[in-house]
Amino acid sequence: MNKKILMMGTSVLMLSAIGTTATYAQEETVTEEKIIVTGTRRTARSAADSPAPVDVITGDEFINQGATDMTDLLRLAVPSYNVNQQPISDAATLIRPANLRGLSPDETLVLVNGKRLHRAAVIAFLGGGISDGAQGPDVSTIPALAIKRLEVLRDGAASQYGSDAIAGVLHFILKDDAEGATFEARVGSNYDNGGDTYSVAGNVGLPLGDTGFFNITAEYSEQDPTDQSVQRDDAAALIAAGNTAVANAFQLFPTDVVQPWGQPRIDDDIKVFVNTAVQFSENGELYAFGNYAQRRTEGGFFFRNPTNRGGVFAGPLVDPITGAPDPNGVPSVRVGNLAGLDANACPAGIPLTAGGGLLPDPTVLGLVTADANCFSFVELFPGGFTPQFGGNLTDRSIAIGVRGDIQIGNGLSYDVSYRYGKNDANFFISNTINASLGPDTPTSFRPGGYTQEEDNINLDLAYGIPVAGFASDLNIAAGFEYRVESFTIRAGDPASTAIGPLSAPSLAFPNGQGFSSSSNGFGGFIASSAGTSRQSNTAFYLDAEADVTDSLIMQAAVRYENFDSFGGTTNFKIGGLYKLTDNFTVRSTFSTGFHAPTAGQANVTNVSTVFVGAVLADQGTIPLSSTAGQFMADFLVSQGQDRPTLGPENSDNFSAGVAFKIGPASITVDYFNIKVTDRIALSDSFNFVAALRTVAANNGVTVGANDSTSQLLNALDAAGVLSAGDFAGSEDLTSFGFFNNDFDTRTEGLDFIVNVPLDMGRGSTSITGAANYNQTKVIRTGNVSAGRLRQLEDNLPAWRGNITLNHEEDNWSGLLRANYYGSFFEDHLDSNLAFPIEGGAEVTFDAQLALKFMDGQYQIAVGANNILNNFPDKNPFANAIVGAKYPLTSPMGINGGFYYLRLTAKLP
């Protein structure tokens with residue numbers, strides 16, 4: 001058996017020439033080449049000998065940046081990785097969805113120490129088109145100081161690792177030092193408009209007996225919000241008309257606008273990771289790793305205008321003097337009759353006749369205020385209000401296993417493990433109301449929460465078989481995985497779901513008074529939606545790899561996976577690498593893959609406030625399997641459209657590339673082509689009210705021209721067409737969508753990487769260039785709207801890249817980086833092309849200067865990202881719509897320059 005003993009501090013790990021065991025040793029001990037463990041099940045395989053492209057990013061490269069959040073660090077390190085701030089995007093603001101190679105966040109697999117990272121509980125209902133409905137892992141729970149290295153497999157790998165590995169694999173490998181400590185403190189801020197951040201972190205390695213280690217990393221950070229906004233025209237008009245209360249609409253932080261756009265506030269961001277292992281025999285090791293993380297995130301929502309917000313302020317047309325209903329009258333502010341018995345006990349509305357039609361008539365307002373049975377929300381929020389939404393997020397996991405070699409023949413490598421992961425999101429919303437409760441409404445709510453839990457059991461085996469004529473043993477790997485995932489919805493507090501007296505048909509004349517129920521902005525989850533949904537899957541795989549000759553490496557894998565909810569799927573991969581010369585290599589792979597719907601995507605219920613045209617409306621997400629979901633599916637079929645379904649999506653992934661050297665320069669160029677069929681996504685919103693009206697007309701049921709959703713359901717119930725009780729939770733929805741297999745795409749592009757060491761006559765200097773060209777085309781549109789289609793194809797830039805100059809000399813070092821972000825398209829506010837933005841290409845520059853002192857144990861670094869404080873092109877619709885100064889999905893971000901100071905101490 002060919003094996004090598006590696007010393008790590010005082011611990012010893014063993015690398016076997018076959019199998020997958022103990023692969024997290026320091027690669028420099030083995031060879032000067034970058035040793036990888038991703039995309040291969042052979043030990044001591046270098047990145048240069050992988051049939052698929054694998055990038056290796058060291059932990060030092062991560063911490064040598066200004067950002068602290070892992071999501072932002074990845075954006076700087078990997079050109080094909082895109083993420084933005086996601087302001088006012090419901091739960092997507094709490095856990096930002098990111099895209100690798102232009103695909104959905106849950107089409108990238110994330111591993112930690114070779115084990116699948118569990119998903120986050122948050123589903124991105126407002127994900128900018130590409131990420132709509134995605135439920136991926138939350139990599140921001142990983143502290144940068146815990147990372148030994150990151151391996152980025154830029155290739156499909158579902159046959160090797162299972163569901164989700166379509167765009168590629170992010171593999172975080174944790175530090176395993178048995179001695180030494182690193183401590184770090186940093187502060188930073190945006191050039192203007194807020195964004196102060198600070199963090200402290202530490203990593204400590206300890207020996208565990210004579211043959212083990214215990215490595216722990218902890219980080220604490222906080223982040224202030226930013227404000228990249230202008231005042232909305234409607235708010236400015238209210239102020240000009242004399243409504244001084246508008247200044248109090250937003251409460252989270254001081255600002256001159258009613259609706260700030262920018263990064264949210266993050267408090268008490270705690271991250272802890274532990275990695276440990278100890279040998280129990282010469283050929284065996286017990287290992288464990290896990291984490292705990294928590295943070296509180298809070299931001300703003302859309303401004304509720306006190307003259308026209310439906311279900312709260314907007315009233316019927318009324319007589320300009322009395323406020324009585326008048327179809328030829330003037331707009332009004334809605335008035336609620338708290339007695340609920342006599343339709344004429346209160347004015348129908350307060351006429352908007354003062355302040356040029358923007359202020360309530362003071363006489364009628366005075367009558368409403370003086371009458372205890374009458375109420376209008378301009379009494380509580382005369383200047384309107386902007387809800388503040390956030391979440392308390394908690395993440396934890398534990399993995400434990402044994403790995404080693406059994407002395408059978410050439411040695412059988414094994415790895416048996418169990419991993420448990422749990423992610424909680426508990427939502428809160430304040431500075432808002434449940435309009436149906438009238439003056440009794442609270443202004444803060446707990447609308448419920450989500451929990452994602454996953455249990456994984458894995459068995460991995462590997463054995464080397466000598467093959468005559470081969471340059472190496474044929475490495476045969478086989479394994480088994482059993483995974484159970486559950487998604488839990490927790491009901492909101494009673495007030496967040498209540499159908500109060502100003503809305504309930506049984507309590508008010510004749511079928512409610514037009515006030516919306518539930519907490520405005522993010523409705524609470526009702527009891528009937530609460531509960532836990534589970535799904536499980538079982539997988540078996542077989543993998544083979546060998547050096548057929550000294551120049552040719554071949555690889556093949558096949559995997560069968562069966563889901564109790566969606567059935568089975570078989571996927572395969574073949575790959576090869578050929579060394580034409582010592583300095584020129586060609587490589588290629590072809591694979592099939594899949595991504596199965598999560599338990600959350602199949603069963604989630606949610607209500608978001610979004611723009612429909614230029615008007616705010618509540619848009620729901622319901623399970624396709626629900627009564628309302630099947631009603632809409634039947635309706636679409638009746639209109640000649642395909643019936644929506646929900647099942648796994650499938651992919652074909654082809655890649656081909658070259659790696660070569662020209663003098664001291666190392667260059668790689670890789671082409672990729674990824675076809676994904678039946679992509680899982682949140683559908684476009686369907687007009688529920690229009691569908692109900694059509695069904696009523698087809699069945700001869702008479703309904704009113706202005707009837708609400710609940711009134712239409714009651715009318716159809718009375719006529720025996722449907723049972724309104726089956727639509728519980730959908731009574732207030734005017735539109736909704738659901739998860740389904742909606743469209744097909746093809747994504748193709750190129751990755752370029754160039755590394756050039758330079759001889760400057762002193763110190764060590766290098767230039768690294770990385771670029772990504774990426775283009776997605778929708779090849780089957782399904783029910784995708786025109787705006788969504790443009791977002792899918794053009795929201796991410798076709799070109800992204802950077803060039804980095806590093807220099808290190810004596811006790812100081814410097815970094816200078818230029819970043820290029822290509823042009824992009826934004827369907828602003830998902831308006832279906834009502835507000836299209838064509839964003840231009842941008843270039844930013846980053847710089848850092850660092851100095852070591854006290855024998856190199858301490859380092860102080862100052863730097864800036866986007867040092868010239870560049871911004872994207874301005875939003876042409878900023879004032880007229882919602883006040884966002886810049887396109888919200890700009891790939892370079894919207895916060896401008898960021899400067900920082902970092903102090904690092906490395907102790908033996």
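Me: In this predicted model, why does Cys346 count as buried?

Reply: The relative accessibility of Cys346 is 8%, and buried means under 20%, so Cys346 falls within the buried class.

Me: What makes Cys374 count as buried?

Reply: The reasoning runs along the same cut-off of 20%: Cys374 has a relative accessibility of 4%, and it therefore counts as buried.

Me: How do you know that Cys346 and Cys374 form a disulfide?

Reply: A disulfide is a covalent bond between the sulfur atoms of two cysteines. In this model the sulfur atoms of Cys346 and Cys374 are 1.9 Å apart, and because the rule asks for a pair of cysteine sulfur atoms within 2.5 Å, the two residues are taken as a disulfide. By this rule the count comes to one disulfide.

Me: Why is the disulfide of Cys346 and Cys374 called left-handed?

Reply: The torsion about its S-S bond is about -95°, and the disulfide is therefore left-handed.

Me: Which parts of the chain does the pair link?

Reply: Cys346 lies in the loop between strand S18 (336-337) and strand S19 (349-351), whereas Cys374 belongs to strand S20 (residues 374-375), so that distant parts of the chain, with the two cysteines 28 residues apart, are linked.

Me: What makes the chain as compact as a globular protein of its length?

Reply: The chain has 12 helices and 43 strands. Its radius of gyration is 29 Å, and the globule rule gives 29 Å for 908 residues, so the chain is as compact as a globular protein of that length. Its C-alpha atoms fill a box of roughly 95 × 60 × 50 Å along the principal axes, and 60% of the 908 residues count as buried.

Me: Why is one side of strand S5 and of strand S9 left without a neighbour in the sheet?

Reply: The strands of this open sheet stand in the order S5-S10-S11-S8-S9, with mixed pairing. Strand S5 (54-58) and strand S9 (115-116) are at the edges, and each has a single partner strand, so one side of each is left without a neighbour there.

Conventions:
Residues are numbered from 1 along each chain as its sequence is written. This is a predicted model: local features need pLDDT of at least 70, side-chain atom pairs count only at pLDDT 80 or more; totals for chains, interfaces and linings use all residues. Side-chain values use heavy atoms; hydrogens and water are left out. Two strands pair if DSSP finds at least two bridges between them. Helices (H or I, at least four residues) and strands (E, at least two) are DSSP runs, numbered from the N terminus. The radius of gyration is taken over C-alpha atoms; the globule rule is 2.2 Å times the number of residues to the power 0.38. Buried means under 20% relative accessible area, exposed over 50%, partly exposed in between (1.4 Å probe, protein chains only).
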